[in-house]
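Visitor: I am new to this structure. Please show me how to read a few of its features.

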Amino acid sequence: ADFNLRAVANSNENDEDYDGLVVFKDFIESHSNGRIAMDIYMGTQLCGNGVECLEALEYGSIDVYISTTGGAASMYPYVQVLDLPYLLPDDRVAEKVLEGDFTRELRKQILEDSGDSVRLMTIGNTGGWRNFANTKRTVKTADDLEGLKIRTVVADLPQELVRAMGASPTPIPWGDLFTSFQTGVVEGSKNGITDIMGMKFTEAGLKYLTLDGHAYMSALWYMNNEMFMDMPEDLRKVMVDGFSALQQATFASPKRKSIKAYQDFAKSGGTLYVPTPEEKAGFKESAEPVYSWFKGNIKDGEKWFNLLSESAAQAQKDIAVEYAKDLK
Amino acid sequence: MLALFLPLFLILLLIGMPVFFAMLAAPGMMLFATGMERDISLLFRNIYNGIDSFPLMAIPFFMLAGELMNRGGITMNLVQFSQSFIGHVRGGLAHVNILSSMLFAGLSGSAVADTSAIGSMMIPAMEKNGYSRKFAAAITAASSVIGPIIPPSGIMIIYAYTMEVSVAALFAAGIVPGILVGVSLMILVALMAKKYDFPVAGPKSSWTERGHATRNAILPLFAPVIILGGIIGGIFTPTEASAVATAYALIISVWVMKTVTLKDLPDIFIKGAKASAVVLLLVGSAIAFKTVVSLSHSAEILANWVLTISENPLILLFLINILLFIVGMFLDAGPAIIILGPILGPIFINLGIDPIHFAIIMSVNLTVGLATPPMGLVLFVASSVSGERIESISKAILPFLAVEVVVIFLITFFPAISMTVPRLLGLVAG
Amino acid sequence: MIILQRLVDYLAKLNEAIGFIGRNIAWVLVTAMISVILLQVFCRYVLNSALPWPEEAARALMIWMMAVVSGEAYRKGGFVAIDMLLFALPERASRILKLTLLVCAGIVLFKLVTLGIDFFERGFRSRAASMHISRAWIYLAMPVCFFTMLLANIELCLREIGCLFGDKKIFELELPSNSASSSGAE
Ligand code: NA
Ligand code: NA
């Protein structure tokens with residue numbers, strides 16, 4: 001092939017990222033008539049986390065990479081705007097926003113900050129939505145979270161959110177989390193359902209899940225810009241179409257996967273609570289300090305907060321117009 | 001073409017290049033030859049990536065704790081404690097040597113530390129008591145491999161780090177196999193004692209003497225309770241536990257037993273820092289090496305090849321034991337785990353072997369490799385501590401190695417030996 | 001031969017000085033590392049509120065601890081090798097082989113230093129996750145580590161050349177007798 005690409009995702013082959021990559025690989029290899037070939041490296045074979053992999057991508061050691069917002073936060077802090085709780089209400093709105101100009105704005109900024117070496121190609125999903133789950137009690141309002149030790153990654157924003165809810169953020173490595181639930185080092189987490197069931201956390205006592213949907217688990221897909229620009233325009237188009245197909249695949253995959261995960265959750269004795277619209281509004285109100293933290297502590301925080309809020313509002317308006325046509 | 005770095009690595013290793021350089025030079029040369037500059041940079045990055053790790057920090061801390069305990073005269077108290085209980089039987093000091101190693105293992109994560117601490121005390125004592133020096137050195141080396149099997153364990157920390165399994169579960173799984181190795185060695189000593197009429201160390205101790213010895217040993221014996229209780233009970237992460245263990249050792253040796261002064265501390269810390277630096281660089285270079293294993297797809301090639309030999313996990317486990325035993329003769333356990341773990345682990349986990357069980361098989365096997373001739377690290381230390389030639393220790397250690405090989409097979413084919421404790425503690429699912 | 005001897009003397013003095021400085025930085029770093037982790041344990045279990053920065057700070061301290069003592073650890077023979085062949089060969093052949101291996105190691109170290117400097121410069125783009133410093137200051141430990149090792153390696157090379165062509169009593173480096181026990185995780 002003229003272009004041999006190397007794609008890395010730090011997750012495993014059961015993850016949505018892999019589903020996306022399989023679709024992407026097939027698309028670009030066939031639509032380029034074999035002029036592009038791609039090797040997929042899952043896990044930490046070539047690099048182990050967001051900083052390591054993004055720096056490897058900058059250098060051209062790898063060509064395609066997917067990070068979560070947390071993984072990119074210390075390189076491009078403003079991507080955490082996507083982690084702000086309750087800004088995106090549901091899948092349909094989130095997908096419309098991520099397919100639109102919001103992603104292009106983010107691309108422009110990342111290109112600038114990486115010296116034109118890292119190109120954000122698209123934003124998909126990995127793992128659905130984050131919800132609060134714990135080993136102690138059913139959580140209906142933010143007050144019920146008071147005092148719980150909740151596991152977070154080592155990053156400011158999720159820790160701010162946990163604090164805003166009156167709980168205590170506890171950084172624990174993912175691999176130690178099962179044991180930590182078992183022994184009570186932490187009493188809760190904020191993960192998607194497939195991750196909870198994938199790690200069998202219910203067996204460690206994580207049985208109370210509240211579908212508050214505080215964050216859409218965005219997956220940011222990047223490419224080495226030099227590699228992309230070296231391609232002739234027809235192949236660049238293949239790449240862009242390929243990433244679009246990948247995005248759709250990662251939008252769909254968690255929805256399909258979560259069905260079985262929720263069934264398994266119930267089967268293993270888990271309790272699911274769906275908050276009422278009023279309770280959800282209450283959650284959003286409790287999360288206000290996180291918004292002000294973001295605006296005050298992240299460079300251009302205000303700008304990104306407004307951009308995402310406006311994009312979400314616009315998407316909701318567009319959807320309302322569609323409802324008007326579809327419901328008749 | 002790229003896959004040629006594996007034989008090249010072996011050649012460089014065998015002609016005497018330090019492991020650290022061989023792990024970088026072999027893939028570096030092949031990457032240079034295949035003209036991929038971007039991969040050389042990736043190779044370098046991964047040295048750093050491998051070292052920049054929180055779980056790995058437990059290694060320097062456990063090393064410091066061991067060093068402090070040792071300088072604090074704690075080894076002596078453990079030996080006296082063992083002697084007061086089993087010194088009077090035939091072959092007493094040989095038993096004391098093994099039992100002390102088991103107790104020392106609860107404080108230290110390293111077989112080398114065990115050999116030099118217990119060897120420097122027990123080998124002269126055993127010689128005086130009428131044992132041959134080579135026998136004393138051999139039993140010291142053979143029993144010191146218990147050090148990294150009974151937790152804490154540097155080898156298991158490295159395994160957990162590379163293979164992303166729980167350190168707590170791995171530590172819990174090591175307890176019974178470690179005791180099993182110790183008890184098996186003691187059974188062999190008891191048989192040999194009858195046949196060769198080994199000396200006794202002294203008259204049976206009274207319960208008052210035993211009480212006294214216990215009182216002196218109680219603080220160091222309490223350390224494993226803190227370490228293991230802390231980790232398994234979920235009070236600390238393993239790294240935190242290792243720092244707490246260091247602080248505990250510091251307090252007992254400086255303020256309680258007063259065998260170390262504050263002025264000694266910089267020297268102890270420097271010694272710990274140097275030993276850690278070597279291990280960290282080794283881990284870093286092994287992680288870099290592993291990157292090239294991935295790039296060259298040699299893991300998949302090897303895995304497919306392994307599955308053509310047999311798909312029966314029991315037969316494969318038997319063969320893997322032999323392979324690991326041979327590798328252990330030449331390569332240190334740390335690098336061997338980082339390189340072979342990601343290649344072998346997935347094959348067996350796919351065949352239905354529990355990841356923790358496989359981790360124990362691999363760790364115990366490579367740990368025993370530390371005491372196998374010709375290249376066993378522990379043999380070198382035993383030789384320098386005792387002044388006995390490596391060749392004669394190597395011969396004298398063979399019966400003990402035979403027993404340890406039997407234990408390896410028991411651990412391999414009876415998963416319950418390692419899995420029961422972590423299961424009871426709820427550290428593994430199922 | 002005199003020039004070589006002078007050169008070795010200077011290098012040895014330089015390496016001794018680096019070793020001295022490194023040792024003294026190292027024990028301070030180790031002390032800081034223990035304190036930082038214990039502080040975290042205290043905050044998490046006694047005050048029930050974990051601090052965000054100790055983990056990353058401790059990692060940075062560990063990397064620098066490694067960097068400042070590696071040169072000396074290498075110089076004093078702390079790196080494990082299989083030396084069966086080196087012992088089996090006649091002395092002259094063994095020395096030539098050893099010199100060849102040292103030169104190879106030197107090339108590796110030189111490459112690591114240049115890549116390390118590049119790595120350091122690129123590090124200014126990213127910020128540590130929980131501390132307000134650029135990651136470059138952590139990355140700097142790598143070129144420092146490999147540069148001190150390179151200096152030690154050059155000294156060892158020159159000593160080997162000296163032993164090969166001159167009086168080995170002058171050029172042989174005296175090693176501490178217990179160097180075998182310096183390997184750690186095992
Ligand atoms: Na141990
Ligand atoms: Na022993």
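Visitor: How far apart are the end C-alpha atoms of residues 96-117 of chain C?

Guide: Helices (H or I, at least four residues) and strands (E, at least two) are DSSP runs, numbered from the N terminus. In this predicted model, residues 96-117 of chain C are 100% helix and 0% strand, with end C-alpha atoms 32 Å apart. Residues 21-42 of chain C are likewise 100% helix and 0% strand, and their end C-alpha atoms are 32 Å apart.

Visitor: Which residues of chain C does the UniProt annotation "transmembrane region" cover?

Guide: UniProt annotations may be inferred rather than shown by experiment. Here the unreviewed entry gives "transmembrane region" for residues 21-42, 57-75, 96-117 and 137-158 of chain C.

Visitor: What is the mean pLDDT of chain C?

Guide: pLDDT is the predictor's confidence in each residue, from 0 to 100. For chain C the mean is 87, and 89% of its residues reach 70 or more. Over residues 177-184 of chain C, however, the pLDDT is below 50.

Visitor: At what angle do the axes of α9 and α17 of chain B cross?

Guide: Axes are lines fitted to C-alpha atoms, for helices over the stretch in contact (heavy atoms within 4.5 Å), and angles run from 0 to 180 degrees between N-to-C directions. The axes of α9 (residues 154-163) and α17 (residues 355-369) of chain B come within 10 Å and cross at roughly 135°. Angles under 35 degrees count as roughly parallel, over 145 as roughly antiparallel, 65 to 115 as roughly perpendicular and the rest as oblique, so α9(B) is oblique to α17(B).

Visitor: Which residues of α9(B) meet α17(B)?

Guide: B:Ile155, B:Met156 and B:Tyr159 do, and their partners in α17(B) include B:Phe358 and B:Met362.

Visitor: How are residues numbered and chains lettered?

Guide: Residues are numbered from 1 along each chain as its sequence is written, and chains are lettered from A and ligands numbered from 1 in the order in which they are written. Local features need pLDDT of at least 70, side-chain atom pairs count only at pLDDT 80 or more, totals for chains, interfaces and linings use all residues, and side-chain values use heavy atoms, with hydrogens and water left out.
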